[in-house]
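Try each task before reading its solution.

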Number of protein chains: 2
Amino acid sequence: MVDAQEIGAKVVRGPYQNGIRRRREIIESASRVFASYGFVSGSLRQIAEEVGVTPAALTRHFGSKEGLLSAVLENWDADAEARNPPDVHGLDYFVRLRDAVLYNQAHRGLIELFLTLSAESTHPEHPARQFVRNRYDRVVSTGVQHLREARDAGDAVWLADELIEAEVRSLFAMMDGVQLQWLIDPGLDLVGVFSRALGQYLHRWTGRADLVPGQDGQD
Amino acid sequence: MVDAQEIGAKVVRGPYQNGIRRRREIIESASRVFASYGFVSGSLRQIAEEVGVTPAALTRHFGSKEGLLSAVLENWDADAEARNPPDVHGLDYFVRLRDAVLYNQAHRGLIELFLTLSAESTHPEHPARQFVRNRYDRVVSTGVQHLREARDAGDAVWLADELIEAEVRSLFAMMDGVQLQWLIDPGLDLVGVFSRALGQYLHRWTGRADLVPGQDGQD
DNA sequence: GTCTATAAGAAGATAGAC
DNA sequence: GTCTATCTTCTTATAGAC
């Protein structure tokens with residue numbers, strides 16, 4: 001990689017550094033605002049105020065409000081991708097979901113953004129519709145792949161492929177739903193309820209009882 | 001009941017009838033709009049246009065936009081209340097959930113309204129926040145009550161009360177989540193995925209295998 | 001890069017005519 | 001009961017100064 005400051009034998013004192021930092025600040029602020037108010041109701045003004053610039057600066061950076069949404073979604077995806085280790089396979093993938101929920105509990109904005117945009121993009125003309133749908137397809141097919149792997153390796157009981165998809169879909173549905181309940185009532189023992197239910201899925205798939213956590217959600 | 005038209009021995013040609021019908025039309029239209037766009041983004045203009053009146057007529061009827069939301073929520077609650085038969089107890093209550101999902105599938109607006117408002121009211125200052133939270137508490141405690149009843153009658157295995165609440169919460173979470181997936185991708189076999197997952201809960205609670213439906217979701 | 005100023009429109013709500 | 005007309009505020013986006 002060539003350092004941008006040395007291109008053309010002339011040292012360019014960088015406005016770039018500031019621009020990149022600003023861009024990141026804006027995306028983070030926009031994520032918060034879209035998470036709280038949705039894309040339609042969240043305003044550029046609000047985001048600009050949080051960052052400490054004017055709304056005009058935002059459209060300058062991202063072209064339009066939808067451009068900003070795209071940047072937020074890309075950022076979200078990249079974050080999520082970077083977070084899950086690539087060497088986890090089969091049943092371990094599902095055991096790890098407990099960590100994902102733990103992470104979400106500590107980063108409320110993430111799950112808020114996901115659920116808010118998901119519900120909102122239910123509408124056919126929502127700009128994030130395709131993104132949400134593709135993401136769900138990806139998540140489900142990843143889950144299916146891992147459960148199939150576990151089955152073929154003999155770690156899980158035999159399940160027909162259609163049943164595997166139904167199992168994976170209902171597991172992720174439960175995960176989303178519990179997180180929604182937690183958003184509505186933060187007093188809920190999110191990790192406890194989730195990991196117990198997760199344990200029931202693992203128990204059913206493997207026949208092993210040692211995968212069901214205690215009632216406090218600890219192993 | 002006294003007929004309003006006969007009060008005071010004089011026949012009053014009723015503007016009431018029209019008013020009541022209008023009111024119902026407005027509430028139905030508002031339910032659709034709030035379901036599609038959420039409360040914050042859904043506009044009085046849009047609703048007024050659907051009904052064929054001006055926005056001023058709406059604020060005349062309901063005082064404010066929030067007043068209209070209250071009417072929508074009350075209407076929704078009353079509908080739901082009227083729909084579930086009161087003589088269903090214990091395990092039957094959960095078996096009936098399959099019918100509820102079937103009904104929701106045929107009335108997409110209902111589940112759309114619920115999920116849209118739930119996600120939206122995640123925000124502390126949303127006017128429907130308390131309503132959504134109370135409704136969830138009611139749903140969960142009703143479920144807990146029925147499962148406890150089943151347990152005490154010997155229809156379900158013994159489960160500690162805290163475990164019962166976790167089971168009920170994860171079941172309703174799964175139900176919401178599957179419905180969300182269906183809203184995002186209407187091609188999904190909603191009833192199939194749900195009733196299979198429901199069957200797994202019933203199977204776990206009772207030990208009976210005959211409660212798990214076939215892979216096509218039929219009994 | 002960020003600003004001010006402003007365009008062009010849509011929002012909720014109110015006043016008063018009919 | 002519903003209308004028209006109007007008020008105030010807020011929206012996204014653009015033009016041009018610095």
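The exercises below concern a predicted model.

**Exercise 1. Domains of chain A**

Solution: 
- Step 1. Look at the contact. Domain 1 of chain A gives 8 residues, and domain 2 of chain A gives 7 residues.
- Step 2. Sort the domain 1 side by class. That side of chain A has 4 nonpolar, 3 polar and 1 charged residues.

**Exercise 2. Around DNA strand C**

Task: Which residues and helices surround DNA strand C?

Solution: 
- Step 1. Count the residues around DNA strand C. There are 19.
- Step 2. Name the closest: G19(A), V53(A), A56(A), S43(B) and S64(B).
- Step 3. Assign helices. Helix 1 (16–41) and helix 3 (55–62) of chain A each supply at least two residues, as do helix 2 (44–51) and helix 3 (55–62) of chain B.
- Step 4. Pick the largest share. Helix 1 of chain A supplies 4 residues.
- Step 5. Sort this surface by class. It has 8 nonpolar, 7 polar and 4 charged residues.

**Exercise 3. Two copies**

Task: How are chain A and chain B related?

Solution: 
- Step 1. Superpose chain A on chain B. The rotation is 180°, the shift along its axis is 0.0 Å, and the RMSD is 0.0 Å.
- Step 2. Draw the conclusion. The two copies are therefore related as by a two-fold rotation axis.
- Step 3. Locate the axis. In chain A, the C-alpha of M174(A) is nearest, 1.9 Å from the axis.
- Step 4. Compare the interfaces. 100% of the interface residues of chain A are also interface residues in chain B, so the copies meet through the same surface.

Notes
Residues are numbered from 1 along each chain as its sequence is written. Chains are lettered from A and ligands numbered from 1 in the order in which they are written. This is a predicted model: local features need pLDDT of at least 70, side-chain atom pairs count only at pLDDT 80 or more; totals for chains, interfaces and linings use all residues. Two residues are in contact if their C-beta atoms, placed from the backbone, lie within 7 Å. Ala, Val, Leu, Ile, Met, Phe, Trp, Tyr, Cys and Pro count as nonpolar, Asp, Glu, Lys and Arg as charged, and the others, Gly among them, as polar. A residue is near a molecule or strand if its C-beta atom, placed from the backbone, lies within 6 Å of it. Copies are superposed by least squares on the C-alpha atoms of residues with pLDDT of at least 70 in both.
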